[in-house]
Amino acid sequence: MPSPDSVPESALSSPRSKITPERAQELYAAVLELLRESGYESLTMEGVASRTRCGKSTLYRQWGSKPELVVAALNGTRRMRLPKIDTGTLAGDLLEAARTIGEASGSDTPLMHALSHAALQSPELLCALREALILPEVAAIDAMVRRGQERGEIAADLPAAEFVAAQLLGVLRARPLLEGRYADAAYLTRFVELAILPGLGLTAGTPES
């Protein structure tokens, strides 16, 4: 008996449907919403079709399988929030990053948790998860640190600088497990002020050099 998410033979032989970018975004949003609600194992193509009023055969023709659709949804909804941050100081950048990340924690954290187990068993899914939710933020935080080094706010060889992204993004994932609560904007701001900035020799009120 075929599984609910097995690919119908007719879908494999049919040409891909023409789905507009706007419609694709609607489908991607529904996929991520269902993942947050029920997790990866409970996600089905039938469920996506029902939520979006899209034919299941259309989904199969366009993406082929549930993993392919999830990967497409992650890549197609990738957001670049942190690269826009540039306050002129490293402390200001990190505090603004904390607020930005914290404001999205209620949607990003459940998605990470929903996909974490499945991603460990699927290199393609793990790659998409990292590229959509993790690597852009790591790169943006590393860029903030480099700008701070170039401005002379911190030494170029300061050992603690290497771990800023890991600290900020790590506590975002860890707090729900440790305390049963999301790392919201207020929590992450305090974390930056009390745990990250002191390690860099900075304070929230450090003036621009």
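**Ground rules.** I am working from a predicted model, where local features need pLDDT of at least 70, side-chain atom pairs count only at pLDDT 80 or more, and totals for chains, interfaces and linings use all residues. Residues are numbered from 1 along each chain as its sequence is written, and side-chain values use heavy atoms, with hydrogens and water left out.

**Entry 1: the chain.** I looked up the secondary structure and found ten helices and zero strands. Helices (H or I, at least four residues) and strands (E, at least two) are DSSP runs, numbered from the N terminus. Along the sequence I read α-α-α-α-α-α-α-α-α-α. Of the 209 residues, 45% are buried. Buried means under 20% relative accessible area, exposed over 50%, and partly exposed in between, with a 1.4 Å probe and protein chains only. I then looked at contacts (heavy atoms within 4.5 Å). Among those with a separation of 6 or more, 71% join residues 24 or more positions apart.

**Entry 2: cavities.** I found two cavities of 30 Å³ or more. On a 1 Å grid over the protein atoms alone, a cavity is a set of points where a 1.4 Å probe fits but cannot get out, and lining residues have an atom within 4 Å of a point. Grid points are joined across faces, edges and corners, and a volume is the space filled by probe spheres set on the points.

The largest cavity has a volume of about 80 Å³. Its lining includes Arg 78, Arg 79, Arg 81, Asp 108 and Glu 137. Helix H8 (residues 123-150) gives the most to this lining, with four residues. I noted six nonpolar, one polar and five charged residues there. Ala, Val, Leu, Ile, Met, Phe, Trp, Tyr, Cys and Pro count as nonpolar, Asp, Glu, Lys and Arg as charged, and the others, Gly among them, as polar.

The second largest cavity holds about 40 Å³. Leu 32, Leu 74 and Leu 111 are among the residues that line it. By class, I have five nonpolar, one polar and two charged.

**Entry 3: Leu 197.** Is Leu 197 buried or exposed? Leu 197 is buried, at a relative accessible area of 0%. I placed Leu 197 in helix H10 (residues 185-200). Leaving aside neighbours within four places in sequence, Leu 197 touches Ala 91, Leu 94, Val 192, Leu 202, Thr 203 and Ala 204. I checked the Ala 91 pair: 106 residues apart in sequence, 6.9 Å apart in space, C-alpha to C-alpha.

Definitions and conventions. 1 Å grid on protein atoms, 1.4 Å probe; cavity = no way out; pocket = protein on both sides within 12 Å on 5 of 7 lines; lining within 4 Å.
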